[in-house]
Amino acid sequence: MIKLEGLSKVFPGHNIPAVKDLNLEINEGDVCVLVGPSGCGKTTTMKMINRLYEPTGGKIYIRGEDALQMDPIKLRLDIGYVIQEIGLFPHMTIEENIATVPNEKQWPKDETKQKVSEVMTLVGLDPKVFKDRYPSALSGGQRQRVGVARAMVSDPPIMLMDEPFGAVDPITRARLQNEFLRIQERMGKTIVFVTHDIDEAIKMSDTIAVMREGELVQHATPSDLLSAPADEFVSNLVGRNRSIKRLHLIRINEILDEVDRAKPASEDAKIGEVEKQIEESDIRSVIVVDKDNKLKGVIGVSDLKRKSGEVAGDYCQDVTDTITSDATLNDALSVMLECGEGYVAVVNEDDQYQGTITLGDLLNVVKEEG
Amino acid sequence: MEQIIGVTGDLFRTAANLLFLTAQGEDVEYEPGLFRDTVDWISRRSDMLLELMLEHLWLVILTLIIAVVISVTVGIIISYYESFAQTVLGVCQVLMVIPSMAMLAFMVPLFGIGFTTGVMALVLYSLLPIVRNTYTGIRELDPAIVEAAKGMGMTERRILFKIKIPLARPVIMAGVRTAAVMMIGIAAIAAYVGAGGLGELIFSGISRGHQPMIIAGAIGVSIIAIAFDYLLYYGEKRFSVEGRTKEG
């Protein structure tokens with residue numbers, strides 16, 4: 001899909017090339033993450049693909065076509081572009097912002113409107129609520145969603161993303177990443193993604209291209225990169241705790257079925273039975289759900305003494321935080337550490353209980369994979 | 001037109017009388033002769049004062065239109081050519097520090113005596129604030145916004161008209177306001193070369209040693225300056241981004 005051949009860039013007035021003889025091939029539908037320390041040439045490489053920077057040497061092929069021979073405006077209109085600073089136009093509404101590319105392409109008004117509201121729904125912004133707002137009235141995470149929506153609205157086959165989730169807090173970032181992966185699963189776009197965060201790279205990518213001082217050091221799948229780093233630079237980059245990084249690669253729904261755990265108690269279950277369940281449970285607690293299998297709370301050993309009543313519902317405590325099954329094991333670990341619990345309840349989008357993941361499960365996964 | 005002048009003239013007269021009466025009622029120390037004479041002069045010659053104010057206004061508005069067209073264009077052009085910019089801004093700066101009397105004197109051999117000369121001199125004066133503000137307004141836009149626009153495939157022309165100019169407009173308008181207020185003052189001096197306006201009143205007051213005329217002229221200039229600044233300020237505010245972003 002995208003093929004870079006001997007690509008180089010020397011900025012005027014600099015002796016050292018920013019990018020040196022780079023060869024890289026990205027398959028259709030893959031997310032390729034360019035990663036490396038700042039100044040390694042990853043952003044420069046990305047900006048050469050949509051020709052914001054003109055290469056000083058080498059070739060770029062997009063679907064076999066020589067991108068350097070194409071009209072740069074036409075080229076860019078078919079490549080989605082998201083940057084860290086987002087760059088929303090403050091004087092335009094969200095709808096107008098997202099409609100930028102359709103307007104440039106002179107789509108009919110109705111089609112544009114419809115597509116804008118489709119893509120807003122896709123990134124989780126209610127069009128009715130947000131379309132007439134201005135960017136200044138949005139939170140950082142919402143702006144980032146608008147940025148992604150604006151890049152995707154004309155359904156470009158390729159997207160370039162330069163640290164798109166870099167400017168938001170870690171919790172919002174994890175959520176945006178998961179949402180994005182979910183969207184990508186459906187859309188199957190070819191994506192060049194730039195980040196300096198190796199954890200993000202491992203989580204988001206199909207392949208990772210590690211760069212240093214303008215050169216490509218290794219291009220491999222995240223799993224290969226973790227198990228067989230090409231040299232010391234790469235192994236330093238991925239760090240010592242490689243086993244923990246593997247947790248980025250596995251989603252909760254992949255292991256949830258294998259985990260054998262006691263069934264949740266319904267809220268009107270007799271407390272005597274629940275007590276037995278708690279005794280047998282490896283986390284010394286039992287999850288309580290209501291009739292619709294929605295998460296109600298949790299009963300631990302101490303709750304049995306502290307409260308009184310006949311049925312489970314009388315004893316249960318609120319759960320501090322839950323996680324959805326498309327999150328990674330690393331996300332699950334974060335939630336456990338934040339809540340100070342040895343487990344986390346997994347729910348679906350409608351808050352229905354799916355299962356429980358414990359620290360022990362994570363340890364088993366790391367042991368098996370390592 | 002005649003009617004407007006007539007009505008406004010009456011208003012002036014009433015205002016002057018009121019002012020006079022209030023001043024009389026209070027025991028304030030002032031030069032009684034000069035104050036009374038000024039009020040008296042204004043109420044007697046309000047038609048003439050108004051006519052001269054309109055003439056003054058016309059001179060300023062015409063100049064402002066020409067100046068905005070030239071300066072904004074120049075400002076936009078130099079925002080694309082960095083190396084060029086400092087030279088152009090330097091020239092504008094030099095033009096602005098030439099004393100107004102000297103500037104008018106330079107213009108006379110070129111354009112003769114009259115309205116045109118006044119307009120030309122005023123245009124040259126007002127270049128700097130507008131050119132500079134247009135230039136900085138565009139240069140200091142968040143580069144991420146321009147990069148995003150370019151990266152998505154907008155042409156340079158569309159970026160200029162849809163992104164850069166609308167976003168730089170508050171800064172450009174601030175420059176226009178500075179230029180306008182400055183110009184209203186200098187326009188009074190342009191009467192010296194026969195451009196007309198309230199300057200005529202002031203100059204003939206000086207030559208005849210008739211103080212009420214000078215004061216009446218100065219009051220007229222001040223009123224125009226304050227009104228202009230106010231109008232431009234609120235006009236801009238109504239259309240500005242901040243005005244619209246509050247609640248969408």
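Two strands count as paired here if DSSP finds at least two bridges between them. The model is predicted. By that criterion, strands E14, E15 and E16 of chain A form an open sheet in the order E14-E15-E16, with mixed pairing. Its edges are strand E14 (322-324) and strand E16 (353-358) of chain A, each of which pairs on one side only. On average, neighbouring strands of this sheet are turned by 35 degrees against each other, direction ignored.

E14(A) and strand E15 (residues 343-347) of chain A run parallel and are joined by 3 bridges. Within this pair, A:Ile323 stands opposite A:Val346 in E15(A). Helix H16 (residues 329-339) of chain A lies across E14, E15 and E16 of chain A, at about 125 degrees to E15(A).

**The E11-E12-E13 sheet**

Another open sheet of 3 strands in chain A has the order E11-E12-E13, and its pairing is mixed. Strand E11 (265-266) and strand E13 (295-300) of chain A are the edge strands, each pairing on one side only. E11(A) pairs with strand E12 (residues 285-289) of chain A in the parallel sense, over 2 bridges. A:Ala265 is placed opposite A:Val288 in E12(A). Helix H14 (residues 271-280) of chain A lies across E11, E12 and E13 of chain A and runs at about 135 degrees to E12(A).

| Helix (chain A) | Strands it lies across (chain A) | Angle |
|---|---|---|
| H16 (residues 329-339) | E14, E15 and E16 | about 125 degrees to E15(A) |
| H14 (residues 271-280) | E11, E12 and E13 | about 135 degrees to E12(A) |

**Chain A as a whole**

Chain A has 17 helices and 16 strands. Its C-alpha atoms fill a box of roughly 75 × 55 × 30 Å along the principal axes. Of the 370 residues of chain A, 40% count as buried. Among the contacts in chain A between residues at least 6 apart in sequence, 62% join residues at least 24 apart.

**The side that touches chain B**

How many residues of chain A are in contact with chain B? There are 21, and they meet 17 residues of chain B. The elements of chain A giving two or more residues to this side are helix H2 (72-77), strand E6 (79-83) and helix H4 (100-104). By residue class, the side of chain A that touches chain B divides into 10 nonpolar, 6 polar and 5 charged residues.

Definitions and conventions
Residues are numbered from 1 along each chain as its sequence is written. Chains are lettered from A and ligands numbered from 1 in the order in which they are written. This is a predicted model: local features need pLDDT of at least 70, side-chain atom pairs count only at pLDDT 80 or more; totals for chains, interfaces and linings use all residues. Helices (H or I, at least four residues) and strands (E, at least two) are DSSP runs, numbered from the N terminus. Axes are lines fitted to C-alpha atoms, for helices over the stretch in contact, and angles run from 0 to 180 degrees between N-to-C directions. Two residues are in contact if their C-beta atoms, placed from the backbone, lie within 7 Å. A residue is buried if 20 or more other C-beta atoms lie within 10 Å of its own, exposed if 12 or fewer, and partly exposed in between; C-beta atoms are placed from the backbone. Ala, Val, Leu, Ile, Met, Phe, Trp, Tyr, Cys and Pro count as nonpolar, Asp, Glu, Lys and Arg as charged, and the others, Gly among them, as polar.
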